[in-house]
Amino acid sequence: MKPVLVFDWNGTLLDDSYALLQTTNAILNRLGHASIDIKTFREHCDVPLSLLYSSLGMSQDEVAIVDRDGSAMFHDAYEPLADRADLREGARRVLELARQEHASSIILSNHIVAPLRSQLRRLGIDDYIDDVLAFESRATQYKSTSKGERLRLYMQKNDLKPASTFIIGDMPVEIDIARNLGLISISITGGFVSDSRLRAAEPDYTINNHHELLPILQGHGFFRNA
C-alpha cells in the first residue's frame, strides 16, 4: 500500500505568510486601520478570512466591503505578491521523493484552482501533484463544499485508506479534518498561525520544515529506501 500525502497549499507548500500579511495590511490601511506585525497576524489568522478581519477590529460593513465582488480587493493585492513566493524548505524534495516512491501527492486548499495551478507551473512542480482540490472560482470561494467534505468525497471516490493518508497543514483546520476522517495529521510551523495555536489543536506530529516529514513517513513503513 502506497501512502497518500494531502498537502495544504498556502503557508504549507507555498511560503506566502508574508505575502498574506502584506495583503492584510493593505486592506487594513485602505479601511483606515493600523498595520499589524507577523506575530499578531499568526495569533489571529483564521478561515474564512472574514474571521481574521473581524478579529482585527473590522466592522461587519467593512468586512462586507472586502468580500464584495468575489473579494477582488484581496486577490488584486495578494496574487502579485504570491507570484514572488517560493516553496517552503524541503517541499520540492519531498514531492520528488513521493513521485519516485509512486505515492500520491494531493493539494487540498481554500484557494482557487486556476491561480493555484498557475503557481504549480511557475514553480515547476505541476508534474508532482496528482490532484488539486480547491474552490472553482472567486464566486464560490468559502461558499461551496468545505475542505473536509471535499477530501472525504475524494477519498470515497478513489477508495483511499485513512490509515495510510497523511494531511500536512499549517492551521488547526487540517488537524480537525484529520480527526474527523481518521487521517494522520502533521502540522508545520512557520505558516499562518502561531506554534502555540498548533500545539493546542493537538496534531499527531509537528514539523518545522518538509525535510522533517521523511522520518515520520519512514516510521509508518513508507519511503524506507529514500
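View 1. The buried residues of H7 are Lys147, Gly148, Arg150, Leu151, Tyr154 and Met155. Buried stands for under 20% relative accessible area, exposed for over 50%, and partly exposed for what lies in between (1.4 Å probe, protein chains only). Because these residues cover an arc of only 160° around the axis, they fall on the same side of H7; the arc is that of the directions from the helix axis to the C-beta atoms. On the other side of H7, Gln156 and Lys157 are exposed. An α-helix has 3.6 residues a turn, so residues three or four places apart point the same way.

This is a predicted model, in which local features need pLDDT of at least 70 and side-chain atom pairs count only at pLDDT 80 or more, while totals for chains, interfaces and linings use all residues. Residues are numbered from 1 along each chain as its sequence is written, and side-chain values use heavy atoms, with hydrogens and water left out.

**View 2. Span and surroundings of H7.** Helix H7 (residues 147-158) has 12 residues. From its first C-alpha to its last, H7 reaches 16 Å, close to the 16 Å expected at 1.5 Å a residue; the expected span is 1.5 Å times one less than the number of residues. Helices (H or I, at least four residues) and strands (E, at least two) are DSSP runs, numbered from the N terminus. The buried residues of H7 pack against E1, E2, E3, E4 and helix H8 (172-181), where contact means heavy atoms within 4.5 Å. Just after H7, Asp159 takes a positive phi of about 55°.

View 3. Six strands, in the order E3-E2-E1-E4-E5-E6, form an open sheet with parallel pairing. Two strands pair if DSSP finds at least two bridges between them. Strand E3 (131-135) and strand E6 (205-207) stand at the edges with a single partner strand each, so one side of each has no neighbour in the sheet. From one strand to the next, the twist averages 20°. H7 lies across E1, E2, E3 and E4, running at about 150° to E2. Helix H6 (residues 113-123) lies across E2 and E3, at about 130° to E2. Axes are lines fitted to C-alpha atoms, for helices over the stretch in contact, and angles run from 0 to 180 degrees between N-to-C directions.

**View 4. Pairing of E5 with E6.** Strand E5 (residues 184-188) pairs with E6 in the parallel sense over three bridges. Ser187 stands opposite Thr206 in E6.

**View 5. Surroundings of Cys45.** Cys45 is found in the loop between helix H2 (38-44) and helix H3 (49-55). Its relative accessible area is 0%, so Cys45 is buried. Not counting residues up to four places away in sequence, Cys45 touches Leu20, Leu52, Met171, Phe192, Val193 and Arg197. Cys45 and Phe192 are 147 residues apart along the chain, with their C-alpha atoms separated by 6.4 Å.

**View 6. Nonpolar cores.** A nonpolar core is a set of buried Ala, Val, Leu, Ile, Met, Phe, Trp, Tyr and Cys residues joined through side-chain atoms within 4.5 Å. The largest has 59 residues, and those with the most contacts inside it are Trp9, Phe41, Tyr53 and Phe223. Helix H4 (residues 60-82) gives the most to this core, with seven residues. Apart from it lies another core, of 13 residues, among them Leu151, Tyr154, Ile167 and Ala178.
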